[in-house]
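Here are some notes to read beside the model, written for someone who is new to looking at protein structures. Please keep the 3D view open and find each residue as it comes up.

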Amino acid sequence: MSSSPNSSAQSKNIEEGFVGGVEEKKPIPVNENVLQKHAAFFDLNQDGVIYPWETYQAMREIGSGRMLSTAAAVFINVALSQSTRPGKFPSPLFPIEVKNIQLGKHGSDTGAYDSEGRFVASKFEEIFTKHAHTHPNALTYDELKELIKSNREPKDLKGRIGSSVEWNVLYKLAKDKNGLLQKETIRGVYDGSLFEVLKKEHTKRISSS
């Protein structure tokens, strides 16, 4: 039985990794601290410091609701503020210093960022070689849960919570119409480019409503 044009197009999208305007692109530079680029999206005034109200506004700009954006602002800034401000007194404003964002890297993750915030391509590829059972370049929600579970480290409650929250928020905001989290979407998270795509799509949705 021959496939329909729609199913052929859907298959092509899965194979090529298109999702939400993110297309396959050049490799992420090996020696670049891409974790800083990831974090810089939330630094709305580009002063090198991210405050909770900036995190909230950035989350809203990529399509997150008010409740989720509020929870994310509290969770992210409380979790990362002190670790990115080594040697400084805790601040009640919970600022995050972008230049030190790699110091906030938690455990129970994929290892696709190294300790210097650089992208580790081999670890990124492992996400799909180990967990993409249904489609080679995308994860279903069940496969995503498998990924989160497989990365759990013993006695690492903070890292487990952080990993689970991050992946579930990503799935909620960036899954495609078939409920898949595409490879290039996830790659876009690591270098920060996905946030600009989500922001444009959210703005477009608001304009057309």
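1. In this predicted model, helix α5 covers residues 121-131, and the residues Phe124, Ile127, Phe128 and His131 within it are buried. Viewed down the axis of α5, these buried residues fall within an arc of 105 degrees, so they line one face of the helix.

2. What do the buried residues of α5 pack against? Their partners are the strand β3 (138-139) together with the helices α6 (141-150), α7 (157-174) and α8 (183-191).

3. The count of aromatic pairs comes to 10. One of them joins Tyr113 and Tyr190, whose ring centres are 5.0 Å apart and whose planes stand at 70 degrees; since an angle over 60 counts as edge-to-face, the pair is therefore edge-to-face. This pair links distant parts of the chain, as Tyr113 sits in the loop between β2 (96-97) and α5, whereas Tyr190 belongs to helix α8, 77 residues apart. Both Tyr113 and Tyr190 are buried.

4. Tyr190 also pairs with Phe124, with ring centres 6.0 Å apart and planes at 85 degrees, so that this pair is edge-to-face as well. Because Phe124 lies in helix α5 and Tyr190 in helix α8, the pair ties together parts that are 66 residues apart in sequence.

5. Leu157 lies in helix α7, and its relative accessibility is 61%, which is why Leu157 counts as exposed, the cut-off being over 50%.

6. For the protein as a whole, the secondary structure comes to nine helices and four strands, which follow one another along the sequence in the pattern α-α-β-α-α-β-α-β-α-α-β-α-α. Of the 209 residues, 44% are buried, while the accessible surface comes to about 11700 Å², with 56% of that area belonging to carbon and sulfur atoms. Finally, among contacts between residues at least 6 apart in sequence, 58% join residues at least 24 apart.

Conventions. Residues are numbered from 1 along each chain as its sequence is written. This is a predicted model: local features need pLDDT of at least 70, side-chain atom pairs count only at pLDDT 80 or more; totals for chains, interfaces and linings use all residues. Side-chain values use heavy atoms; hydrogens and water are left out. Buried means under 20% relative accessible area, exposed over 50%, partly exposed in between (1.4 Å probe, protein chains only). Helices (H or I, at least four residues) and strands (E, at least two) are DSSP runs, numbered from the N terminus. The arc is that of the directions from the helix axis to the C-beta atoms. Contact means heavy atoms within 4.5 Å. Rings of Phe, Tyr and Trp (its six-membered ring) pair if their centres lie within 6.5 Å; planes under 30 degrees apart count as stacked, over 60 as edge-to-face and the rest as tilted. Accessible areas come from the Shrake-Rupley method with a 1.4 Å probe; for residues, only the protein chains shown count as cover.
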